[in-house]
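Take a moment with the sequence and the 3D view. The walk below goes from the whole chain to a few single residues.

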Amino acid sequence: MAVAAACSLQFTAARPSIIPARRVLGQAVGRVGSDPNAASWIKLSSACHPSSLQPFQCNFMSSSAKTERMVTKAMSEAGEKQSSSGLSLNLKGKRAFIAGVADDNGYGWAIAKSLAAAGAEILVGTWVPALNIFETSLRRGKFDESRVLPDGSLMEITKVYPLDAVYDNPEDVPEDVKANKRYAGSSNWTVKEVAESVKEDFGSIDVLVHSLANGPEVTKPLLETSRKGYLAAISASSYSYVSLLKHFLPIMKPGILLMDLAIVLTGGSSISLTYIASEKIIPGYGGGMSSAKAALESDTRVLAFEAGRKHKVRVNTISAGPLRSRAAKAIGFIDMMIDYSLANAPLQKELSADEVGNTAAFLASPLASAITGAVIYVDNGLNAMGVGVDSPIFKDLDIPKANA
């Protein structure tokens, strides 16, 4: 895979406290010289979304008709001039595994597209019962329109792995699941087996993305949720991230960056997706899913400490606003939530999937080398609001509104 020439990121701020180049340059210059982390600034375009609840994939998709897309161009052509004062976001030479891609309208697909636009090699994990349809659609070109990158090329998915992140290893799989015809013909699809397969096929990865969620009783109020449904939501939507990171950490590479005559270990990057229901009451988002998202955010902080200390891997989660998708529509109130956001968020526009995808690419890049354990809100600022300003109680206040 082609790599970009190394150059330092240019900052005017004081030099950070990092490893002096003279101490390690001799042994590391070879790697830095071919490291893709320092290259020209590229902008990204993709399709992505935040919260959603289809088995092992959250699939919010924005409506292009209502959305003014944040179109950003990937500088994929070799030899394109760099701005001497620009920052670099280049993932050429990096490999990403995205768990939870089963169609072309979910945010897992969108993040894959953003990472691909930045030059990363893409591997995906697809829920086993959806694998056949996904691979057939991919092979027959049904996703070709969605695969178009900003430079006109098509996103390439190097390999698709069957994955059911509810099961850590083969011993965990119940007999009825093994015998289920939806799993027939697939093998090595538990988390441990998938990590081992990726290691055998490629040796290592640089980026791990978790876009898995399932709440079988999501339409039920919490007080009506069964123990089984609650624990299923936690297992599929939050513990699955712990398991994925646990099994993939040993094959995640620490990144290296030459910055201002010094060597910086940028580390690998792991990203999940969450939703504001983790901290605010969202009626209708039930079945223990709000609890699962709260657990995911708490785990993000703990995992950031443990993975950072032991493996120099950064762990962050994106909390995105409501977006339309088939899975979201199944919950039954997605249009209402989008209308609410449009009326009450500081930025009165429908959230674009591109914006979530671009944020993920940023978090995976060296530009975010000091960001870990964070919840990054991509929701037009709705998380900052304490009240809904569209309430009749505020009718006499001079509330600023977006220009028509």
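What follows is a short tour of this predicted model.

Start with the whole chain. The protein chain holds 10 helices and 10 strands. It has 404 residues, and 53% of them are buried. Its exposed surface comes to about 18,800 Å². Carbon and sulfur atoms supply 54% of that area. Now look at the contacts in the chain with a separation of 6 or more. Of these, 81% join residues 24 or more positions apart.

Next, find a pair of strands. Strand β3 covers residues 121–127 and pairs with β4 in the parallel sense. Six bridges make up this pairing. Within it, Leu 123 stands opposite Lys 159 of β4. How does the chain get from β3 to β4? It crosses through helix α3, residues 128–139. This β-α-β crossover is right-handed.

Stay with strand β4, residues 157–163. Is it enclosed or open? Five of its seven residues are buried, so the strand is largely enclosed by the rest of the structure.

The largest nonpolar core has 40 residues. Which residues have the most contacts inside it? They are Ile 98, Trp 109, Leu 115, Ile 122, Phe 134, Ile 157 and Ile 318. Helix α2, residues 107–117, gives the largest share of this core, with seven residues.

Another core lies apart from the largest one. This other core has 26 residues, including Val 191, Ile 205, Leu 245 and Ile 251.

Finally, visit two loops. Asn 188 sits in the loop between α4 (175–178) and α5 (191–202). Asn 188 is not a glycine, yet its phi is positive, at about 55°. Is Asn 188 buried, exposed or in between? Its relative accessibility is 41%, so Asn 188 counts as partly exposed, a class that runs between the 20% limit for buried and the 50% limit for exposed.

Lys 312 lies in the loop between α7 (289–311) and β9 (314–320). Lys 312 is also a residue other than glycine with a positive phi, near 55°. Its relative accessibility is 41%, so Lys 312 counts as partly exposed.

Note on methods. Residues are numbered from 1 along each chain as its sequence is written. This is a predicted model: local features need pLDDT of at least 70, side-chain atom pairs count only at pLDDT 80 or more; totals for chains, interfaces and linings use all residues. Side-chain values use heavy atoms; hydrogens and water are left out. Buried means under 20% relative accessible area, exposed over 50%, partly exposed in between (1.4 Å probe, protein chains only). Helices (H or I, at least four residues) and strands (E, at least two) are DSSP runs, numbered from the N terminus. Two strands pair if DSSP finds at least two bridges between them. A crossover is right-handed if, with the strands pointing away from the viewer, the path from the first strand over the helix to the second runs clockwise. A nonpolar core is a set of buried Ala, Val, Leu, Ile, Met, Phe, Trp, Tyr and Cys residues joined through side-chain atoms within 4.5 Å. Contact means heavy atoms within 4.5 Å. Accessible areas come from the Shrake-Rupley method with a 1.4 Å probe; for residues, only the protein chains shown count as cover.
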